[in-house]
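I opened the model and kept notes as I went. The entries below follow the order of my look-ups.

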Amino acid sequence: MAVATPLALLALWEVAARLALLSPQYFPPPTAIAAGLAESLVAGDLGEHLAITVARLAMAFVVAAVPGVPLGLVMGLARPVRQAVDPYIAFLFPVPKIAMLPFLLILLGVGEPAFVLTGALSAFFQIVISTLAGVQTMDPRLLEVGENYGARGARLFRAIILPAALPAIFTGLRLGLGLALVAVVAVEFIAAKSGLGHLVYRHWQMLGTVDMYGAFALVGALGLALTRGLRALQSRMLTWQEDPGRL
Amino acid sequence: MPRWLTDHGIAVVSPVLLVAGWEWASATGVLREALFPRPTTVARHLGQLVTDGTLERHTATTLVRIAWAFAVSAVLGVATGLAMGSWRRLREALDPVFAVVYPIPSVLFLPLVSFLVPAGEVAVVITTAVTSFFLVALTTMHGVRQIDPLVVEAATHYGARGWRLFTAVLLPGALPSVFTGLRLGLGYALIVVIAVEIVAAGRGLGAFLWLSWQVLKVEDMYAAFLVVAVLGAALSYGLAALRARLLPWVQDVAER
Amino acid sequence: MRVLRIVVLVTLVAVAAVAVVTGGARAQAPSVKIGYIPSDSFAVLYIMADRYLTPAGISAQLVRLPGGAEITTQVATGQLQVGGAGMGAAGFNAVAAKLPIEFIAPLHFGYLEDYFTVRKAAWGSQLKRIADLKGRPVALNTRGAAVEWMLDQVLRRDGITIKDVQVKIMPFPDMVPALESGAVDAAILTEPFPTLAEDKGVAVRPLPRPAGAKAIPITAAFWNAEWAKANPALAHKVMVAYLKAARDLAADGGKGWHDEKNVAIIVKHTNAKREVILKARPHVIDPNLELDASTLDSMQRLNAELGYLKYKELLTADRFFTLSHRDRALAELGRR
């Protein structure tokens, strides 16, 4: 059932392209795209580029999450830290990270560090903010109860605060990963020489529309797999939380 | 020491120190000034760009594009979201399409759009509107669906139907989510328009930023970045303030 | 404790960033990294690396980058040693800002007539001459680069300038459908696109090459000045290799561009098809790497007019180019 509409749309496209209602040069039939995709994956370098994009994404995510979650937690727990860091977060969060790209290119050169960092920055602020929110909006009664039973410091943190903040943290990580994917692919499209985003651009450059749509579809598949996968993971791991949310 | 000073002191002092540090590093050569100009130089350039009208021109172009893209995505998105929230059939049909298309970065749609529509303002606006549309539609749909069914039941019980039910119950109930979606959608529109302007436009803040980088007019590049940052902040926090005004009953919970 | 850890981490990152930036120029790589854009205009660099540097034991690494600004910046920071780019504002501004870049030689020359493409459906009817493009849309792929100057030059032949036309910026592939649909009436296209467009019957290149026309230097090669100063012997070897590669292409009055051995190297680095390269109109390079300084003045003037330059006084050819290295190589190999 869930695949009915997409399939119907694809069938419509196929027919339109074959009948030349849509220009087959710019909108090749989906079957041709699928065939090209399979061929590129098996015999060509499409698999390589997919791996590169995934690798950049993974690195961006790690670079964002490893400092991001602890920072968010500390900001939630220590007021002076929050006040010190807040201005930077507030200023940089709404900035399109792609606008930072030229600066990063000068600083780090045109290469992986700049691409990964742009992706990481996109995710970082979201993760920090969500984590902070998780700590700030936890039910204060939980804290009270914990303290009443003698939990202090590290114990209080591990047993009460962290689990209470976990759903928000997880949501932040999930959203952050999505943002990182968007940023990495966009950066690849604009400035890189490898990766799925670059492939879409390159094949657009050469008017190789079959390959272009193939790469495009792969980006969609990657995004879909990540969003669905993470949501499933979140429901599995945080069983007490009802709906992890649509996005 | 008065509380407000310690409270906000850190918030002010640390960025000031950072800027001062940069000024010093650039002036003394620790940072190569030709690539990392002094903040004072950048500020001067920014002033020049304001006085000669360049900044106004590009900012206006970008804002107009955002406004159009936002309008399109908001109207279509809210309409679609409300429809999807109310009719299960529609939701089930469109959901898979949304799930696949939504995570794709908008800028990737540029080639597609450019095949359908001649390269120009329309193509830029449409590409910018894509992801925002999905965001708004999804959050609106969520907004409708999370309305407490008991409330709806009670209202129907008291005779509210169709349009009346919609305006009295569904719309206000969905409004906070709709607003969140609109706010996110606007933020996204800014992100995407900058990216699209980088790739395919001659005017606009993104185009100006990228051009400055391409001709290595670095001072202009930093100035452009600052303007984009301010714009982002203004849109994001502006809408938040607007929401506090219009929907005071909603507590801003987990999002800024 | 946790706060301290964060502070330490941030400081380390900041220090590392500064070190990368300032250390880049100091790093003395034994190999030579060459920045390029995958276009057949950069053929001299490919042949220099593959045929003359690598076999001589110099590890020549070709690094593909998206554009001239990126290559210029990376050579300026020392992350690359050698690079090529269209003669445009990035290069001019870099030299004027005293970044450690030296332009050492032209990279390729071309004929404007090979680049200037007009919509076939319009040529001969709505557009009878170049001046008819006044107020019409024309496509360029970027600003601040040689293509802008090239368009301006073509337009000036018939009394108008680039300011008289409506410039639309779009990537090269967009230009072919744009010409087809009429979204633009003309474009500055680089091979293989003009050949492709002609094959599709979408566009023509209406300007005949005047007899005895001189090719125009469009791209130039440059290197990091600090690296060259610290490695004079290596730099000289690179220059000599460059000259040899240029002569391979210039051989037989330019037939070198279609020589199979050279084409094979070009194909390797550009992903273009062999047939397309053979069919395309060849580029040109002077076997003595001579170039006409008047083009430089003209290019700067246009860039200044369009507001791309950060300086007021035009750079002279000998301020922009450091031709002593070329001259030393010429002395060694003899002039042709």
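Predicted model: local features only at pLDDT ≥ 70, side-chain atom pairs only at ≥ 80, totals over all residues.

Where does helix 8 of chain A bend, and by about how many degrees? I found the bend at Leu166(A), about 45 degrees. A proline, Pro167(A), follows within four residues. The bend at a residue is the angle between axes fitted to the seven residues ending there and the seven starting there. Helices here are DSSP runs of H or I with at least four residues, strands are runs of E with at least two, and both are numbered from the N terminus.

Residues are numbered from 1 along each chain as its sequence is written, and chains are lettered from A and ligands numbered from 1 in the order in which they are written.

**Helix 8 of chain A, continued.** I checked its span next. A straight helix of 39 residues would span 57 Å at 1.5 Å a residue, the expected span being 1.5 Å times one less than the number of residues. Helix 8 of chain A spans only 47 Å between its end C-alpha atoms. I also looked up burial: 28 of its 39 residues are buried. Buried means 20 or more other C-beta atoms within 10 Å of a residue's own, exposed means 12 or fewer, and partly exposed is in between, with C-beta atoms placed from the backbone.

**Chain A overall.** I counted 10 helices and zero strands. The C-alpha trace spans about 75 × 50 × 30 Å along its principal axes. Of its 247 residues, 47% count as buried.

**Core.** I looked up the largest nonpolar core and got 259 residues. Such a core is a set of buried Ala, Val, Leu, Ile, Met, Phe, Trp, Tyr and Cys residues joined through C-beta atoms within 7 Å. Helix 8 (residues 153-191) of chain A gives the largest share, 21 residues. Domain 1 (26-109 + 217-333) and domain 2 (112-204) of chain C both contribute, so the core lies between them. Those bounds come from an automatic or database domain assignment. Tyr242(C) is among the residues with the most contacts inside the core. Leaving aside neighbours within four places in sequence, Tyr242(C) touches Val44(C), Met48(C), Ala105(C) and Ala221(C). Contact means C-beta atoms, placed from the backbone, within 7 Å.

**Domains of chain C.** Their centres, taken over C-alpha atoms, are 26 Å apart. The contact takes 19 residues from domain 1 and 11 residues from domain 2. On the domain 1 side, helix 13 of chain C gives the largest share, three residues. By class, I read 10 nonpolar, six polar and three charged residues on that side. Nonpolar covers Ala, Val, Leu, Ile, Met, Phe, Trp, Tyr, Cys and Pro; charged covers Asp, Glu, Lys and Arg; the others, Gly among them, are polar.

**Chain C against chain B.** I found 27 residues of chain C in contact with 17 residues of chain B. The chain C side divides into 15 nonpolar, seven polar and five charged.

**Positive phi.** Most residues other than glycine have a negative phi. I noted two exceptions. Ala20(A) has a phi of about 65 degrees. Ala20(A) lies in the loop between helix 1 (4-18) and helix 2 (30-42) of chain A. Leu216(B) has a phi near 60 degrees and is in the loop between helix 9 (205-214) and helix 10 (218-246) of chain B. Which is buried and which exposed? Ala20(A) is exposed, with 9 other C-beta atoms within 10 Å. Leu216(B) is buried, with 29.

Note on methods. Contact = placed C-beta atoms within 7 Å.
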